[in-house]
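Okay, thanks for coming, everyone. I'll take you through one structure today, so let's get it up on the screen.

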Amino acid sequence: MERLGIGRPSTYASILENITSRSYVIEGKKGFLSPAPIGEKIRDALVSRFDFAELAYTKGLEDQLDEIAEGRAVYEDVVRGAWNALDGGLSKLDTLTITPAHPCPECGKALTRRKGQHGFFWSCTGWPDCKVTLPDEKGQPGKKKAPAPPTGIMCPSCGKELARRQGTSKPKMKGMKPRPYDFYSCTGFPKCEAKFQTGADGKPVFENQTKQAAE
Ligand SMILES: [Zn+2]
Ligand SMILES: [Zn+2]
């Protein structure tokens with residue numbers, strides 16, 4: 001953008017914030033941005049309908065704004081031209097239907113990928129009317145985890161209910177296969193990180209808490 005003379009240094013941060021928070025681009029592992037399917041759809045919808053989607057037009061408008069600042073152009077003339085161009089583009093929008101790339105399973109509105117405290121997740125753009133959220137699976141909305149069945153066993157650390165879960169152990173030595181194991185964890189996670197081994201009777205083993213935490 002800088003090389004093409006589009007935008008101002010002061011607007012780059014908010015532009016990036018907009019296109020990432022709306023999931024038009026996806027941030028890869030190394031911090032590179034790549035267009036998301038919804039971003040490509042929006043580009044296809046804008047290009048050929050709106051002048052501002054053309055680099056030359058946007059650059060020209062920036063130059064005209066500079067001319068206003070320097071007293072070489074009249075504000076009304078520049079804004080009138082931009083307004084008419086925008087109006088023309090809007091009138092072409094009737095022919096457009098955008099179907100969301102990731103529709104909300106409950107209300108059909110678009111899901112959007114967000115960055116939360118514990119990594120990425122998807123939430124419905126119908127919020128706050130629709131409160132659907134889904135986990136992120138490799139940049140796509142994943143399946144909602146079924147809530148763990150109630151165990152009726154309370155966490156000795158915080159008093160919230162414990163949930164029985166399945167984990168997969170990391171191999172301790174080379175050549176060992178990961179094996180599934182059964183454990184209890186606190187539903188107060190992430191505030192409470194208590195975890196307990198499952199005993200032979202299928203109940204959590206509380207005295208192992210300190211040993212587990214140390215591992
Ligand atoms: Zn929804
Ligand atoms: Zn707890």
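**Strands, salt bridges and a zinc site**

So, β3 and strand β4, residues 119-124, run antiparallel and are joined by 6 bridges. In that pairing, Arg114 sits opposite Phe121 of β4. Keep in mind that this is a predicted model.

Zooming out, those strands belong to an open sheet of 4 strands, ordered β3-β4-β5-β6, with antiparallel pairing. β3 (111-116) and β6 (140-141) are at the edges with a single partner strand each, so each has one side without a neighbour in the sheet.

Now, salt bridges: the structure has 6. One of them pairs Arg113 with Asp136, with the closest N and O atoms 3.0 Å apart. That one links distant parts of the chain, since Arg113 is in strand β3 and Asp136 is in strand β5, 23 residues apart. Arg113 is buried at 9% relative accessibility, while Asp136 is partly exposed at 22%.

Another salt bridge brings Arg164 and Asp182 together at 2.8 Å, N to O. Arg164 is in strand β7 and Asp182 in strand β8, so this pair ties together parts 18 residues apart in sequence.

Last stop, the metal. Which residues coordinate the zinc ion, ligand 2? They're Cys155, Cys158, Cys186 and Cys192, through their SG atoms, at 2.2 to 2.3 Å. Along the chain, the donors follow the spacing C-x2-C-x27-C-x5-C. The angles among the 4 donor atoms run from 96 to 115°, and the site is tetrahedral.

Technical notes
Residues are numbered from 1 along each chain as its sequence is written. Chains are lettered from A and ligands numbered from 1 in the order in which they are written. This is a predicted model: local features need pLDDT of at least 70, side-chain atom pairs count only at pLDDT 80 or more; totals for chains, interfaces and linings use all residues. Side-chain values use heavy atoms; hydrogens and water are left out. Donors are N, O and S atoms within 2.8 Å of the metal (3.2 Å for Na, K and Ca); water is not among the atoms, so sites may look incomplete. Four donors count as tetrahedral if all angles lie between 85 and 135 degrees; four count as square planar and six as octahedral if opposite donors are over 155 degrees apart and all others between 65 and 115; anything else is irregular. Two strands pair if DSSP finds at least two bridges between them. Helices (H or I, at least four residues) and strands (E, at least two) are DSSP runs, numbered from the N terminus. A salt bridge is a side-chain nitrogen of Lys or Arg within 4 Å of a carboxyl oxygen of Asp or Glu. Buried means under 20% relative accessible area, exposed over 50%, partly exposed in between (1.4 Å probe, protein chains only).
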